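Let's take a friendly walk through a protein model, going from the whole chain down to a single residue. Keep the structure in view as you read.

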Amino acid sequence: RDIFHCKPGKAKDLVATFKKFSEVLKSIGYEPARIYTDVSGENYWTVVIEQDIKTIDELAEMSRKVMSDPRTAEVMKDYHDLIQGGRRELYRIE
């Protein structure tokens, strides 16, 4: 799960970016990311993308494939302009 805190009013733009990114994932053979937006109001303009990955090795392999695809660079080229910060969370299902 990647959690992004957007600049004010930029959450919709980031959601649109991640929808395009999910299409790249799907075309490479991965499940598209689930995209969530905050509705609680605790942290305004929060966008979360989430995927289920079986192993850390699978995550590393997926990252290599996705990041080397030129479509990823095109889709994600300006996303830093939309965010203030964020974090990644990795969980093991017990």
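## Contacts across the chain

In the protein, 70% of the contacts with a separation of 6 or more are between residues 24 or more positions apart. As you look at the picture, keep in mind that this is a predicted model.

## The overall plan

Now for the parts list: the protein has three helices and four strands. If you start at the N terminus and follow the chain, the elements come in the order β-α-β-β-α-α-β.

How far does the C-alpha trace of the protein span along its principal axes? The answer is about 35 × 35 × 15 Å. The radius of gyration gives another view of size: a compact globule with 94 residues would have a value near 12 Å, and the protein agrees with that at 13 Å.

## Surface and charges

Of the 94 residues in the protein, 32% are buried. The accessible surface comes to about 6800 Å², and carbon and sulfur atoms account for 52% of that area.

What about charge? The protein carries 16 positive and 17 negative side chains. The centres of these two sets lie 3 Å apart.

Let's zoom in on strand 1, which covers residues 2-6. This strand is mostly covered, with four of its five residues buried.

Which strands pair with strand 1? One partner is strand 3 (residues 46-50), joined to strand 1 by four bridges in the antiparallel sense. Here you can find Asp2 standing opposite Ile49 of strand 3. Another partner is strand 4 (residues 83-88), which runs antiparallel to strand 1 and is joined to it by five bridges. On that side, His5 has Gly85 in strand 4 as its bridge partner.

## A closer look at Thr46

Our last stop is Thr46, a residue of strand 3. Is Thr46 buried or exposed? Its relative accessibility is 10%, and a residue under 20% is called buried, so Thr46 counts as buried.

How values were computed
Residues are numbered from 1 along each chain as its sequence is written. This is a predicted model: local features need pLDDT of at least 70, side-chain atom pairs count only at pLDDT 80 or more; totals for chains, interfaces and linings use all residues. Side-chain values use heavy atoms; hydrogens and water are left out. Helices (H or I, at least four residues) and strands (E, at least two) are DSSP runs, numbered from the N terminus. The radius of gyration is taken over C-alpha atoms; the globule rule is 2.2 Å times the number of residues to the power 0.38. Buried means under 20% relative accessible area, exposed over 50%, partly exposed in between (1.4 Å probe, protein chains only). Contact means heavy atoms within 4.5 Å. Accessible areas come from the Shrake-Rupley method with a 1.4 Å probe; for residues, only the protein chains shown count as cover. Lys and Arg count as positive and Asp and Glu as negative; His and the chain ends are not counted. The place of a charge is taken as NZ of Lys, CZ of Arg, CG of Asp or CD of Glu. Two strands pair if DSSP finds at least two bridges between them.
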